[in-house]
Amino acid sequence: MMTDAMAKAGAAHVRTYLGTPTDLKQAAVHEIAAGLKAVLADVFALYIKTKNFHWHMSGRHFRDYHLLLDEQGDQLFAMTDPLAERARKIGGTTLHSVGEIARLTKVADNDASYVTPEDMLAELREDNLALTARLRAVHGVCDEGNDVATASLLENWIDETERRTWFLFEATRPAFGGNS
């Protein structure tokens, strides 16, 4: 069991060996890095889920959906390194393990042996919509901490996530013109 003294010693060790000089306040660095770590966990989980659905897609629109999910998976994976490096760049830490991803993510697994294409796309649509909200929340923390560089990156990822949501929404419409 970790004692309070051990936790403080560990935090001092991290600051000494992993700390990066920044003009941001230490409390802001801690909050922003924690937000980035949680978003990174969500992005990794959503990447795996997107690839799962990409690999298990079937049906009459196979090619279109398979390619759409491959493109979206690539986009999600492309976010991972910049998210982690941004946390380190401001003096924070980032994810250490798959277990940490599992503890931090809010993206639900889908281990079903078969999911209809429509349900796959609808589930990913909702996951991307939720990711947009989490990105916006971290953006608010960046605004409070005066971290304009992280906020700028988040703005681009919010736009990309909204685009993924839009494409998934359009692909799941039941009929032309229906907005339900």
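## Basis

The model is predicted: local features need pLDDT of at least 70, side-chain atom pairs count only at pLDDT 80 or more, and totals for chains, interfaces and linings use all residues. Residues are numbered from 1 along each chain as its sequence is written, and side-chain values use heavy atoms, with hydrogens and water left out.

Helices are DSSP runs (H or I, at least four residues), numbered from the N terminus.

Two packed helices are described by the angle between their axes and the distance between the axes. Axes here are lines fitted to C-alpha atoms over the stretch in contact, with angles from 0 to 180 degrees between N-to-C directions.

The axes of helix 2 and helix 3 come within 9 Å and cross at roughly 160°. That makes helix 2 roughly antiparallel to helix 3 (angles over 145 degrees). The crossing of helix 2 past helix 3 is left-handed (the near helix is turned anticlockwise from the far one by less than a right angle).

With helix 5, helix 2 packs at about 165°, the axes 10 Å apart. Helix 2 is therefore roughly antiparallel to helix 5. This crossing, too, is left-handed. Contact means heavy atoms within 4.5 Å. On the helix 2 side, the residues that meet helix 5 include A28, G35, D42 and F53. Their partners in helix 5 include M120, D127, R134 and G145.

## D81

D81 sits in helix 3. Its relative accessible area is 45%, so D81 is partly exposed (between 20% and 50%; buried is under 20%, exposed over 50%, with a 1.4 Å probe and protein chains only). D81 and L40 lie 41 residues apart in sequence, yet 9.0 Å apart in space, C-alpha to C-alpha.

## Helix 6

Helix 6 covers residues 148-171. At 1.5 Å a residue, its 24 residues should span 34 Å (1.5 Å times one less than the number of residues). The end C-alpha atoms are 35 Å apart, which agrees.

Its buried residues include L154, W157, I158, T161 and L168. The buried residues pack against helix 2 (26-55), helix 3 (62-89) and helix 5 (117-145).

## Aromatic pairs

The whole structure holds two aromatic pairs (ring centres within 6.5 Å; planes under 30 degrees apart are stacked, over 60 edge-to-face, the rest tilted). Y47 and F77 have ring centres 5.2 Å apart and planes at 45°, so the pair is tilted. Y47 is in helix 2 and F77 in helix 3, 30 residues apart. F77 is partly exposed at 44% relative accessibility.

W166 and F167 form an edge-to-face pair, 5.3 Å centre to centre with 85° between the planes. F167 is partly exposed at 29%.

How values were computed
Helix = DSSP H or I, 4+ residues; strand = E, 2+ residues; numbered from the N terminus. Phe/Tyr/Trp six-rings, centres within 6.5 Å; stacked < 30°, edge-to-face > 60°. Parallel < 35°, antiparallel > 145°, perpendicular 65-115°, else oblique.
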